[in-house]
Structures are given as C-alpha cells and as structure tokens.
Amino acid sequence: MDADRPVRHGEEAQLHSIGIDIGGTKVAAGVVSSDGTILRRTQRPTPSHSPAAVEDAIVALVAELSRDGDIASVGIGAAGWVDSDQSLVRFSPHLAWRNEPLAARLNQRISVPVIVDNDANAAAWAEYRYGSGRDAKVMVCITLGTGIGGAIIINGKLFRGAYGMAGEFGHMGVVPEGHWCPCGNRGCWEQYASGNALVRDARALMREGSPRAAALLAAVDDIDHLTGPDVTHLAVAGDPVSRELIADVGRWLGKGLADLAAALDPDLFVIGGGVSAAGSLLLDPAREAFSRTLTGRGFRPPASIVLARFRNDAGLIGAADLARHAIDEPPGARAFWPRRRTHRRARTRLPRRRLRDLVAERQQRA
Ligand SMILES: [Zn+2]
C-alpha cells in the first residue's frame with residue numbers, strides 16, 4: 001500500500017475524526033466517533049482576520065485533540081463558498097479567506113487528510129447521518145440564524161452544485177424591490193425569514209413606541225441591544241407581539257419552502273439554527289403557509305417539516321463525519337492526501353504510525 005495514505009478504503013470504520021466549526025466568534029473542535037458521539041472537545045476564540053492566525057489555531061486544536069493518535073481525518077466547516085472538491089475556500093464572510101487553498105495548506109502541517117466544507121453542508125450532513133433526517137431520500141436543511149444557510153442531500157449525497165455553491169437559498173428574491181440585502185440585491189428571502197429579519201421588525205415596533213411592544217421594551221436597556229434570542233424567549237414565555245413576530249418569520253419560511261419543493265420535490269425539510277428554538281411557534285405557521293402555497297397541493301404527498309436535532313454541535317459533528325466519509329470517497333482534489341515530507345518534524349504526525357499499526361493488525365487477523 002502507499003505508505004503515505006494513513007488508511008485505505010473501508011479501513012477507517014473504527015477510527016475517529018476531528019470536526020472543526022469555525023464561527024464568527026469561536027472555533028469549536030471535537031473528536032467524533034463513527035456513531036456521531038463527541039468524545040472530547042475544545043475551543044478557542046476565532047483569531048483576528050488573518051488567514052495565517054486561523055490556520056495556526058486549526059493546527060493547534062488538531063494537535064491538542066489528536067494526542068492519542070486515533071485520528072483518521074480532519075473536517076472543517078466554515079461559513080462561505082467552498083469549492084466542490086472540499087479544498088478551496090473561495091470566500092468567507094467571517095475571515096479574510098479569498099480563494100484560499102485551505103486543505104492543501106493544512107495538509108503540509110497536519111499528517112492526516114483534511115477537508116473543508118460549507119458550514120450549512122456540515123450541519124445538514126449531521127442531521128442526515130445522526131439526527132432528524134436519517135431516512136430522507138431528498139432532504140433540504142435550512143439553518144435560520146442571522147441569515148439563512150441551506151443544504152441539499154439527495155439519495156445519501158450532498159448536492160454541492162457545479163462550483164460548490166448550491167444551497168444559497170437565502171438570496172433567492174422573494175419580494176420585488178424589497179429590503180436591501182448585504183449581497184447587493186433587494187428582497188432576498190433571508191431579509192424576511194431569519195433572525196435578522198425578526199430583530200429588524202421587533203426594533204421597528206419598539207421605535208414606534210407601541211404599547212403592544214411593552215414586553216420587548218422592558219427586556220432591554222437599549223432598543224439596539226435587542227437580539228433574536230430575546231424575541232424568541234419572550235415568545236416562548238407567551239408575549240403576544242413576540243409570537244406574532246415569530247409567526248411572521250414562520251410564514252415567510254413556509255412560502256419559501258413551497259418554492260423549494262416546486263424545484264426539488266424533497267420528502268423532508270429540516271429546520272435548525274437559533275430561530276428554530278421557537279419550536280412550534282415557528283413551524284406551525286410555516287407548515288400552514290407551506291400547504292397553502294405548495295404547487296400541486298392536494299395531489300402530491302407534502303414534504304414533512306421538522307426541527308433539527310442538533311443545535312450547536314451540528315457543524316462540528318457533520319464536518320467530522322464528512323472527513324471520515326472522504327477517506328472512502330476522496331474528493332477530486334489532489335491535495336486530499338497529506339504531502340510526503342522528507343524532513344518530518346514532530347508536529348501532529350503521531351497518528352500515521354498508529355494508523356499503519358492498526359491496518360497491519362487487521363491484515364494479520366484477516
Ligand atoms: Zn441577498
């Protein structure tokens with residue numbers, strides 16, 4: 001066998017992967033077993049915007065977590081556009097990555113294969129493998145955070161599109177000449193169905209001094225400090241206006257889901273992200289708007305709309321499992337397998353020897 005390959009087809013089943021979720025404020029990492037359990041975890045603040053600092057943080061997290069040498073691969077989930085080879089980050093909103101060959105760069109410093117994927121893809125994969133989407137044939141996952149993250153899984157495979165950018169549902173135009181979106185267009189779906197939309201509308205109501213906004217006004221010292229979770233908490237606690245605001249987001253959600261059903265005919269929508277903490281206060285209006293808008297309604301089985309199982313760990317667990325999966329089916333990039341180094345230094349290379357031993361052990365047993 002090629003000694004540079006830590007493990008061959010089918011031999012990774014009992015090995016663990018590291019998942020890394022790079023968020024705007026923190027980088028969370030964990031060792032994940034093949035049944036989706038996080039065995040150990042660590043995190044640190046997202047370093048400044050320098051790509052080198054983020055790369056150093058990833059290498060340090062991997063070194064910290066791979067001390068027992070049982071790691072087969074590393075998967076990284078990050079917001080932004082990642083190419084379909086799970087290697088090149090074309091653009092990331094939180095970080096200064098622009099056409100960054102991240103997997104290739106890390107493979108010079110980490111001695112097991114590394115993949116990178118969009119964070120919404122990673123979260124959807126976790127739901128498909130271990131969460132609410134386990135038996136879906138065609139699953140669409142929507143992450144409602146400040147914006148909308150989207151991902152599509154068809155017959156057990158992530159659908160990434162030709163350039164890795166499929167699933168950017170948040171920027172489908174739903175309202176002609178509607179609210180401006182940071183993407184440069186107007187009327188994007190995420191300007192109506194997201195945490196940002198919820199907060200914008202709540203603050204507008206507060207600024208009008210409506211007596212109906214009393215609970216919202218009492219919840220914060222300054223209107224500008226109101227957050228999405230504030231509104232969600234008040235809604236769950238029974239505040240009628242907060243419930244209406246959530247229901248409004250739910251209705252926009254349901255309409256958009258009906259459009260996605262017209263395009264993709266899924267059997268399941270999984271809804272995650274911060275706003276999904278509102279539960280049925282969000283999903284009931286969404287289901288109602290969905291069935292009212294769905295094309296062919298009455299003549300087709302409607303897709304189920306359910307809540308995600310994972311909230312905070314979906315990206316980490318999904319990235320780790322995508323990395324495990326990539327060993328069986330390596331993505332197209334040549335950068336997938338770590339480079340053979342003539343002068344190896346003791347960085348994070350401890351796994352390879354252990355992996356070779358494991359493979360040898362198995363061959364002896366066979
Ligand atoms: Zn947009």
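Select Ile223 and show its surroundings: leaving aside residues up to four places away in sequence, Ile223 touches Arg203, Met206 and Arg207. You are in a predicted model, and this stop sits in the loop between α5 (214-219) and α6 (228-237). Ile223 and Ala204 are 19 residues apart along the chain, and their C-alpha atoms are separated by 9.1 Å.

**Zoom out for a moment**

Colour the whole chain by secondary structure and you will find 10 helices and 13 strands. Of the 366 residues in the protein, 47% are buried. Take the contacts between residues at least 6 apart in sequence: 67% of them join residues at least 24 apart.

Next, colour by pLDDT. The mean for the protein is 88, with 87% of the residues at 70 or more. Two stretches call for care. Residues 1-13 stay under 50 in pLDDT, and the model gives them 25 contacts beyond four places in sequence. Residues 341-350 also stay under 50, with 12 such contacts beyond four places in sequence. Where pLDDT is low, the predicted coordinates should not be read in detail.

**Helix α4 against helix α7**

Select residues 195-207 for α4 and residues 240-264 for α7; the two pack at an angle of about 140°, with their axes 10 Å apart. That angle makes α4 oblique to α7. The crossing of α4 and α7 is right-handed.

Which residues in α4 and α7 meet? Show side chains for Ala197, Leu198, Asp201, Ala202 and Leu205 in α4, then for Val241, Leu245, Ile246, Asp248 and Val249 in α7. By class, this contact of α4 with α7 has eight nonpolar residues, two charged and no polar ones.

**From α7 to helix α8**

The axes of α7 and α8 come within 7 Å and cross at roughly 40°. This crossing, too, is right-handed. On the α7 side, the contact includes Arg243, Ala247, Gly250, Leu253 and Leu257. On the α8 side, look for residues including Leu282, Pro285, Ala286, Ala289 and Phe290. The residues of the contact of α7 with α8 divide into 13 nonpolar, three polar and five charged. While you are here, click on Ile246 and Val249 of α7: both take part in the contact with α4, and both are listed in the contact with α8.

**Helix α3 with helix α9**

Move on to residues 119-130 (α3) and residues 314-328 (α9). Their axes are 7 Å apart, and the helices pack at an angle of about 80°. α3 and α9 are therefore roughly perpendicular to each other. The contact of α3 with α9 divides into 10 nonpolar, two polar and four charged residues.

**A glycine in a loop**

Centre on Gly167, in the loop between β11 and α4. Gly167 counts as buried because it has 24 C-beta neighbours inside 10 Å. What does Gly167 touch, not counting residues up to four places away in sequence? Its partners are Ala120, Gly150, Ala151 and Ile152. Draw one more distance, from Gly167 to Ile148: the two are 19 residues apart in sequence and 9.7 Å apart in space, C-alpha to C-alpha.

**Two backbone angles to check**

Most residues other than glycine have a negative phi. Your last two stops have positive values.

Start with Gln86, in the loop between β5 (81-82) and β6 (89-91). Gln86 is not a glycine, yet has a positive phi of about 55°. Gln86 is buried, because 29 other C-beta atoms lie within 10 Å.

Then jump to Glu177, in the loop between β11 (157-159) and α4. Phi of Glu177 is also positive, near 55°, in a residue other than glycine. Is Glu177 buried or exposed? Glu177 is exposed, because it has 8 other C-beta atoms within 10 Å.

Definitions and conventions
Residues are numbered from 1 along each chain as its sequence is written. Axes are lines fitted to C-alpha atoms, for helices over the stretch in contact, and angles run from 0 to 180 degrees between N-to-C directions. Helices (H or I, at least four residues) and strands (E, at least two) are DSSP runs, numbered from the N terminus. Angles under 35 degrees count as roughly parallel, over 145 as roughly antiparallel, 65 to 115 as roughly perpendicular and the rest as oblique. A crossing is left-handed if the near helix is turned anticlockwise from the far one by less than a right angle, and right-handed if clockwise. Two residues are in contact if their C-beta atoms, placed from the backbone, lie within 7 Å. Ala, Val, Leu, Ile, Met, Phe, Trp, Tyr, Cys and Pro count as nonpolar, Asp, Glu, Lys and Arg as charged, and the others, Gly among them, as polar. pLDDT is the predictor's confidence in each residue, from 0 to 100. A residue is buried if 20 or more other C-beta atoms lie within 10 Å of its own, exposed if 12 or fewer, and partly exposed in between; C-beta atoms are placed from the backbone.
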